[in-house]
Structures are given as structure tokens and as C-alpha cells.
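Me: I have a structure to go through and would like a plain walk-through. Can we take it piece by piece?

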Amino acid sequence: MINNSGLIGIFARRNCLQAALKALRKNRVDIQAVYSPVPLHEVEEALSAKPSSVRYFTLTGALLGIVSGIFLSAYTSLQWNFIVGGKPVVSYVPMVIVAFEFCILLAIVFNLLGMLVNSQLPRFSIPVHYDTRFTQDRFGILVQCAESERATVTTILKAAGAEEVRHAT
Amino acid sequence: MPRKCVMRPDEIIQVSLHASSRIQKSFRLLLIIFFCMILLGAAAFLLAISGSNAARAWQAYLVNFVFWTGLAFGAVLFVAIMNMTSAQWSRPIKRFAEAPGAFLPAACVLFTGLYFGREHIFPWIHEPVAGKQLWLNVRFLFVRDGAGLALLTMLSLVLLYQSASADRKAALRSSPGSLIEGKRPKLQAALSPSFGIVYAVVLSLIAIDLIMSLDPHWVSTLFGAYYFMGSFYTALAGLMVLCGISLSAYGLQNFIMPKQFHDLGKLLLGFCVVTGDFFYSQFLVIWYGNLPEEAQYVVLRIRNTPWQALAWIVLIVSFAFPFVILLNRKIKMKPRAMVILGVIILIGMWLERLLLIAPSLWKGEQLPLGMIELLISAGFFGAMALCVLLFLRQFPILPLSDPLFLEMLQASHEESRETAA
């Protein structure tokens, strides 16, 4: 959960945002979130966040899909028990197709679920610190800091070119 | 953090002009090695066809011909696709994609060589198939395939010459500090789509005539597409190897960056899947239909010795293994790992060509995989490597006059400046 007892800095320019991130990291300030109206790969790199856990959801879905595809085709074949063209009732050649399709289907579904879980969506109330301009033309940094550090952090953000620094609560 | 490209124009020209001098010392050695390989291959081949191993030598010759010709055309197709899509990322490796195309004139000469081995190669000469003589007769086959090869080679050479000679002119004209103003090449843009179409037609023709007709009762409508997609896959693997080796040999670390390897790796993964998919689409239909004349082609290869083991090796080495490895994101950015994987894929695809051709011709107990095949393959490899080496020496190593290359440099330059700011 994003702890919203902190400060939020609002920026108009990308390089100011980057400078602020650099300075914050240098001073070991706890960065909670960065808001941006556009994808910023260099920010992702700079934050060097660890890879999201969505991929494990996807992998689980894919493996589950393969197993259920094989199971479904074997089960349905056994229900009819037809011998066609002298081939075994449960044969693996056509199974590959079903397993493959199920692999993709469940991988996508799990990927979507993993994404929702990870981003804590759907969220029915907007956090108090959130500024609607973050989806328009402003960048934002949410930092977590103790009462005593507020003044220093505010100076860092302002020095980097923040238009506005305010309490996140 | 990936390394950013911040090169001044004169540096680009310097790098391009002096790339070949970097390998000056080893150039002569390489030249001699490749030349010796050609001689060795030719000697082994001539010795074999004059002795009792004639059929086996011709079979190895054919396998190598379809493998290396497919690779060369596939590489030119990559250039044509770059032109059609106006791709920026692949501009630094453009010359390396063009280089295997230099082998094509040699491929045309090697094709005429097949004429002398026709008795050993085409079973339908001795046992004509009723109703198919109109298509399967020696004269028509060599005329149509020869014409197709000549047409596609000509298209390739025009494409290559247009781009490479413009760069050479630009390099000669340029003075330090001035960036060459490149025009968007109209002729290349016009030729590239037609190259794509002729590529599909001619390579299908080669696949049908030189591979499928060896088992004249067998038909598969997807076979042509399977061959030309496999060839493109082979070409991408070859390009990966060439880029990885040239990276340090020519000192291009500032141009060919992990990003280029990452993108090339993604393409390789894509075409690994496409090639596997085309194989399976054929296999599934044959399996379902279970018609004797169709199924025997597959049964011979996956159920009978000595081919059974080879079939599994091919499936693993050219499909399953690269697929699993290439899923990994980070490994695609490591040039050394990608060179090793590229070589593995090339070996896998070569064995796959052997598996398509040899069981139709070879009736021995053992796999036809020994000294004869090794030496003849070395000869073909030597020819390809020699052509690539000479091509890269003849022309600037970077596409200096390519406007998209300059745009790409500009973009990465700005990006790095913004990050620095």
C-alpha cells in the first residue's frame, strides 16, 4: 500500500523530474511512486525497481494452460472412444494444438489478473495525494519521509525544479 | 544502463574507413584459411565423385547448396524488409546483412554444377513418374530454376550495389567534420517489395525442384513456404553470428549495441516459432490424412534408422533449444552468448536440410555424415566466408549515406543528451 504520509513534488519538465530523482536517490530518500502522463523508460531504469512479479502469474497460467489443454483433449477423446484411421484414441499429435492454445489463453488471463493484483486495481477511490494533472501535463514524485526531514526533502525537490511541493495527506 | 551512441560525424567516417585496417593483420591469414577451405572442399568433392562415393558427394553438395543459397537470399531479404519498414534500429548492421549476398554469384555458378550430378541427384531421371514428366524433366528444371536464381540474384545485387556504392562514394567524398547528406534511395524502396515477392516464388521453386522432387511421389503444398521461412531463420542466425564476431573485430561497440542484439534476438525468436509452426502445420495434416504417399516421407524420417535420432536432434537443436534460450531477455543482449546460439542454430538448420534431402537418396545403413560431408561443407563455408570478408573490405562498414542511419544516430544522441541534462 502506498503510505500517504509524505510529500508530493510536482514537475512540469522531464529533466527536472530526472534531476529530482537523482538527488533523492543520492540522499537516500524513500521514493514511493512516480507519476507520469507518458511512459518514461529512463525513469524505470533509474529507479531500478526489481522486475514485477506479473511474469510469475503469466508463467503459472501458461503451465496450467498446457496441462489443462492436454487434460481436456485426452478426457474428451476418452468420452467418445472412437478409433479413427487406426490411430490411438489419445494421441499426442493433435493435443499439441489444444495445449498450445490453452497455454496462450490462460497465460493471457493470468497476466491480466497479475497486472490487476499488482497495481491494486480496480481502485474505487482516488488517493488524496493524487493530482489529476498527472494524466495531463505534469510529473509527480511521492516520497516518504519523517517529520524532521520534511524541510530538507522540500529543499531538494525545489532545487531540482519542482513547481510545487505539498503534503501528501 | 545501455551505452549511448554519441559519435561525431568525423568519428563515424573514421570508424568506417579504418574498420578494415583493424583486421589488416589477420585479413591475409583469413583469406588464406578460407581459400584453403575452398580448395580442400573442392578436392574432397572431386575425389569423391570420381570414386565410389559419387552419390554421397553430390548429396552433400546439394545439402550445402540449398543451405548456403537460402542463407544468402534470406540475408538480402532482411535488407529488403529493412527498406520496406524504414527500420532505424537495424541500420548499424545493414552492411553485415548485405554481406552474405556477395555469395550469390558464386551460388549461381554452383547451381550449374548440379547439372553434372543430375544422374545421382534426381531419381526421376531413371524412373520417370507417369504424368509428371512435363514438370520433372532435366532441361525444363534447369532452365526454370536457373532463370529464377539469376533473376533473384540480379535483384539482390542491384539492391546491394545501390546501397553499398553510395556509402563508398560518401566515404571518399567526405572531409572530416562534415556529415554526408544522404538522399532516401528511391530505387531501393521500389525494388524491395518486389524482391520479397520474387524471393518467395524462387525459393519455393528451389524447394520443390531440388528437395521435394527427390521423392517424386511426395507432395506438400506448404513445403516451399517452409523452405523460404527456414532460410530466413537461418539468415537471421547467420547475421547474429556475423554481428557478434564483427563487433570486436571491427571495433563497432559504439554502433552495434546491446539494443541491436536484443532486437535481432527477438526477430530470431519470432522466426524460430514461425519455422516450427510451418513444420507442424505440414506434419499435422500429413498425420491426420495418413495417405501412404504422404506419410511415407515422414515415417522414413522419424521412425526408421538411421534417421530417427537425427530427426530428434534437429527438432531440439533448431527449434526447442533456441526457443527456450531466446525467451530470456538478458541473454539476447549478450553478444557472445548470441554468437554461440547462432552457430548452434546454423548447425541445426544444416542438419535439417540434410534430413530433408538425404533420406530420399541415401540407402545405406549408416548416417551419411562423415569426412566427405565435413570437407564439402567446409568448402562451401569457405566460399561464403571469403565473399563476406571481401565484401566488407570493399565497402564502408557503416551505411554512411543512409539517411535513416543518421537519423538513428541523431535520435540516440539527443536521448543521451537529455538523460545527461
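Me: What does Leu236(B) touch?
Reply: Leaving out residues up to four places away in sequence, Leu236(B) touches Phe78(B), Leu264(B), Leu267(B), Leu268(B) and Phe271(B). Contact means C-beta atoms, placed from the backbone, within 7 Å. This is a predicted model, where local features need pLDDT of at least 70, side-chain atom pairs count only at pLDDT 80 or more, and totals for chains, interfaces and linings use all residues. Residues are numbered from 1 along each chain as its sequence is written, with chains lettered from A and ligands numbered from 1 in the order in which they are written.

Me: How many residues are in the largest nonpolar core?
Reply: 120, and Leu62(B), Leu236(B) and Leu239(B) have the most contacts inside it. Such a core joins buried Ala, Val, Leu, Ile, Met, Phe, Trp, Tyr and Cys residues through C-beta atoms within 7 Å; buried means 20 or more other C-beta atoms within 10 Å of a residue's own.

Me: Which helix gives the most to this core?
Reply: Helix 3 of chain B, residues 54–85, with 20 residues. Helices here are DSSP runs of H or I with at least four residues, strands are E runs of at least two, and both are numbered from the N terminus.

Me: New topic: what is the strand order in the open sheet of chain A?
Reply: The four strands run 2-3-1-4, with antiparallel pairing. Pairing requires at least two DSSP bridges between two strands.

Me: Which are the edge strands?
Reply: Strand 2 (30–35) and strand 4 (164–167) of chain A, each pairing on one side only.

Key:
A residue is buried if 20 or more other C-beta atoms lie within 10 Å of its own, exposed if 12 or fewer, and partly exposed in between; C-beta atoms are placed from the backbone. Two residues are in contact if their C-beta atoms, placed from the backbone, lie within 7 Å.
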